[in-house]
Amino acid sequence: MKNSIRFILTAVAILGSVAACGKSSNDGLDIFDPTYEEYAGTNGTDLTAEVTFWHTMGQNIQTNFLEPTIQQFNAIYPNIKITHASQGGYNDIKTKIDAAIPANTAPSMAICYPDHVAGYLDVANGAIRMDGYMTDPKIGFGVAPGENGTVVQTKEEDNNYNALEDIVPGFLKEGNQFVGKEGFYCLPMYKSSEALFYNADVFAEKGYTVPTTWEEMITLARKMVADYPDRFGKNSPNYSEGKFTAAPIGYDSEDNMFISFAKMMNIPYTTNEVCNEVVFYTKEAMDMVKMIKGWYDEGLIVCKGVLPNNSYTSTIFTEGNCLMSIGSTGGVSYNVTTNFETRVASLPGMNGNKNFISQGPSVCFFDKSKEEETASFLFYKFMTDKMHSAMSSSVTGYAPIRTSSTNTMIYQDIAAQGNATVDVDTPKTTRTDILIGQTYTVFEKYIKEDLLFTSSVFKGSAKTREVAGEIIVNSCFNTYETVEGAFEKGIGDIIAEMGDQGCN
């Protein structure tokens with residue numbers, strides 16, 4: 001088998017700034033999107049259209065964010081009807097969109113992951129490029145309706161501030177790094193990364209120091225095994241037939257562990273060149289997985305895929321069978337219990353590097369009439385302006401996509417909660433609010449220090465991510481006898497789904 005799988009794709013010209021490349025007196029938006037024509041109306045308030053929005057929001061988010069936002073939107077755009085429907089989880093919505101596109105029943109806009117959007121491109125009724133809408137002088141970013149059909153520039157101090165440059169660059173960039181494509185095919189909704197949740201009671205009792213590197217993390221985990229032999233290690237009741245159901249360290253996503261470790265260890269995962277490659281079929285990547293397997297064999301770490309019933313490690317964390325849990329900053333509440341105090345810290349670095357994966361939903365738009373596409377963009381822009389981005393963050397626990405949102409009272413009130421103290425009588429809801437406040441601080445650090453990254457997106461990148469996680473699980477379980485065997489199986493699965501397209 002080849003040492004890498006090659007996919008023939010054209011090079012991506014990443015746009016440094018849409019605003020800088022937008023419409024001027026002597027260039028046209030059609031340099032970005034030949035199908036786009038400048039909005040022919042006034043400022044959008046005269047538009048009549050119906051928008052269908054598919055999402056993954058639970059009832060709490062719908063009640064406390066989405067539905068009030070629609071009402072406020074309709075006060076400005078009375079003739080745009082927004083119909084929304086939850087489609088379940090992220091995989092559910094992808095499956096339904098995959099079926100809807102060929103049937104020409106796709107929604108106007110939908111919550112998505114970029115990996116999923118890669119499969120919506122280059123097909124009839126599929127996802128569309130948004131550059132023209134983003135830079136349109138009447139309806140694009142940075143403007144809002146004024147009186148008598150005019151437009152006004154939004155200001156940073158105003159609640160409706162919606163400038164393009166206010167969006168965190170790393171979040172925005174995620175939507176224009178589709179291999180072989182120029183321009184933006186999805187836009188950020190709200191975002192998350194990963195953080196280290198730890199049992200603060202145990203840390204205080206034992207005098208443990210929160211680790212800042214993986215070397216410190218593993219040293220501490222070994223000490224925890226020694227300090228809690230009734231809970232961890234091969235002599236504990238949580239070990240049977242080579243499998244652990246408890247460990248000092250829990251990592252919810254084995255996919256993210258593979259990708260993040262590879263990034264920090266400078267091991268190629270995928271490339272973004274003229275010939276895009278899945279390049280992790282290497283000795284260096286195998287050695288990395290052998291390191292992780294060694295930690296598992298010692299009983300130091302578990303991940304979701306190795307636990308019974310594919311349980312999240314946050315579950316065993318709140319049960320006391322894990323003392324440090326790495327999970328999504330958008331899933332804070334799952335790490336909260338009244339049995340002990342949970343606190344949160346930045347993820348540890350590795351090899352002198354700190355690179356943490358950026359995740360969380362985006363929004364994509366589908367090929368519809370000009371009026372429907374325009375109305376869809378206007379609604380997206382409205383629900384992600386300064387105030388609404390802060391509102392969605394306060395309800396979901398995800399980070400707002402706009403820098404200005406961190407200056408709102410909504411955001412600052414929640415962040416300030418992170419300074420509160422917990423005692424035995426503190427209810428779970430209050431503990432959750434406190435932990436969300438602490439998580440805001442962690443995420444702000446990631447943004448300020450430019451620690452977030454994303455991997456390249458192409459048709460098949462979702463499968464590649466899935467395989468990366470499976471390699472870790474299969475290696476820990478010796479499913480294919482050796483780590484090399486797990487890699488061989490994983491690479492074979494990628495070829496079976498996408499084909500081995502040689503780049504000669």
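## Helix H14

Helices (H or I, at least four residues) and strands (E, at least two) are DSSP runs numbered from the N terminus. This is a predicted model, in which local features need pLDDT of at least 70 and side-chain atom pairs count only at pLDDT 80 or more, while totals for chains, interfaces and linings use all residues. Residues are numbered from 1 along each chain as its sequence is written, and side-chain values use heavy atoms, with hydrogens and water left out.

H14 covers residues 428-448, and its 21 residues should span 30 Å at 1.5 Å a residue, which agrees with end C-alpha atoms 30 Å apart; the expected span is 1.5 Å times one less than the number of residues.

Asp450, in the loop between H14 and strand S18 (452-453), has a positive phi near 55° although it is a residue other than glycine, and it is exposed, with a relative accessible area of 64%.

## Aromatic rings

Rings of Phe, Tyr and Trp (its six-membered ring) pair if their centres lie within 6.5 Å, and planes under 30 degrees apart count as stacked, over 60 as edge-to-face and the rest as tilted; the count comes to 33 aromatic pairs. The rings of Tyr296 and Phe477, with centres 6.4 Å apart and planes at 65°, are edge-to-face.

Methods. Buried < 20%, exposed > 50% of the residue type's maximum accessible area, 1.4 Å probe, protein only.
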